[in-house]
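Subject: Structure handover

Hi,

Here is the structure for your files. Please open it next to this email, as my notes follow below.

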Amino acid sequence: MSASIHSLIPAQAGSPQAVSLVGVTRRFSNRTVLDAVSLDLAPGEFVALIGKSGSGKSTLLRAIAGLDDDVDGDGVISVPDDRSVLFQDSRLLPWKTVLQNVTFGFRAADADKRGCRALADVGLAGREGDWPNALSGGEQQRVALARSLVRSPHLLLADEPFGALDALTRLKMHELLFQLIRRQRPTVLLVTHDVDEAIKLADRILLMENGRIVVDRAIALPHPRARDRRFDDLRNELLAALGVFDTV
Ligand SMILES: Nc1ncnc2c1ncn2[C@@H]1O[C@H](COP(=O)(O)OP(=O)(O)OP(=O)(O)O)[C@@H](O)[C@H]1O
């Protein structure tokens, strides 16, 4: 059976869950990439999804985003209509200015004003009229972040959004993302390879293996999270679950 739109239903108004998945399975040819995943995300929860390469993280995110028409699938996914997706590459339209990229398809009467405010929030005030190719990689990713947040979505899906950035820019982007989502409080699902990034930011960490969620761990550490003993214990626990310490 093909993944059809009826498997993706709007979240019920007033539902205690922002996102709900029941028995979500996805197959490429005959290979099962998501194996009957069931999962609930609470409104405003920041959830990081980690796992080895090929474990199914992006497939899960794409299923929740409603972007997986080309795979076979079953199950029911309930999501808010107003969701934004942030990818590793900024996917800006090169023939539109920075501001036009942020407000593209945004029909609010005050779209330009909100676009300018979103750009100021990501530190790009004054760059509204620039073309994307005049911006650095980090700046382009900040425009993409502004575009994701300008509509104040209830759900932000982010797939390795800072994976292509250098370490310093990446750290700054973590801070920025964290500040902005604290203000807007969307539910966030962040796919990352970086265990430190996950522990630093998330309320909850999911670890995928072979298309299943095998660890679901609440992170109760206070913010801002420093590399203390509790951080390191958790880090070691997750790295062990990822098999990083296994001999090869
Ligand atoms: N379009 C496709 N056609 C066939 N197989 C695919 C396709 N997209 C993904 N897959 C397969 O599905 C499996 C899971 O891929 P997915 O991208 O979800 O993994 P991931 O955990 O996000 O990996 P990574 O961390 O490397 O991005 C992989 O084995 C991949 O080869």
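Pro 224 is found in the loop between β10 and α7 (229-241). Helices (H or I, at least four residues) and strands (E, at least two) are DSSP runs, numbered from the N terminus. The peptide bond from His 223 to Pro 224 is cis, with omega near -10°. Another loop, between β6 and α2, holds Arg 91. Phi of Arg 91 is near 55°, a positive value in a residue other than glycine.

Two points on how to read this. This is a predicted model, in which local features need pLDDT of at least 70, side-chain atom pairs count only at pLDDT 80 or more, and totals for chains, interfaces and linings use all residues. Residues are numbered from 1 along each chain as its sequence is written.

Confidence

pLDDT is the predictor's confidence in each residue, from 0 to 100. Its mean over the protein chain is 90, and 93% of the residues reach 70 or more. Among the elements of the chain, helix α2 (residues 98-103) has the highest mean pLDDT, 98. Strand β1 (residues 8-10) has the lowest, 63. Over residues 1-6 the pLDDT is below 50. That stretch has nine contacts in the model beyond near neighbours in sequence. Two residues are in contact if their C-beta atoms, placed from the backbone, lie within 7 Å. The model scores ipTM 0.96 and pTM 0.91.

Overall build

The protein chain has seven helices and ten strands. Its radius of gyration is 18 Å, close to the 18 Å that the globule rule gives for 248 residues, so the chain is as compact as a globular protein of that length. The radius is taken over C-alpha atoms, and the globule rule is 2.2 Å times the number of residues to the power 0.38. Along its principal axes the C-alpha trace spans about 50 × 45 × 35 Å.

Strands

Two strands pair if DSSP finds at least two bridges between them. An open sheet of six strands has the order β6-β7-β8-β4-β9-β10, with mixed pairing. Its edge strands are β6 (83-86) and β10 (212-218), and each pairs on one side only. Within the sheet, β4 (residues 46-51) and β8 (residues 187-191) run parallel, joined by four bridges. Phe 46 has Val 188 in β8 as its bridge partner.

Now to β2 (residues 19-28). This strand pairs with β3 (residues 31-41) in the antiparallel sense, over seven bridges. Arg 27 has Thr 32 in β3 as its bridge partner. β2 and β3 form a hairpin with two residues between them. Ser 29, in the turn, has a positive phi of about 50°. β2 also pairs with β5 (residues 72-79), again antiparallel, over six bridges. Leu 21 stands opposite Ile 77 in β5.

Ligand

Which residues are around the ligand? They are Phe 28, Val 33, Gly 51, Ser 53, Gly 54, Ser 55, Gly 56, Lys 57, Ser 58 and Thr 59. The shell divides into two nonpolar, seven polar and one charged. Here Ala, Val, Leu, Ile, Met, Phe, Trp, Tyr, Cys and Pro count as nonpolar, Asp, Glu, Lys and Arg as charged, and the others, Gly among them, as polar.

Best wishes

Terms used: Near = placed C-beta within 6 Å.
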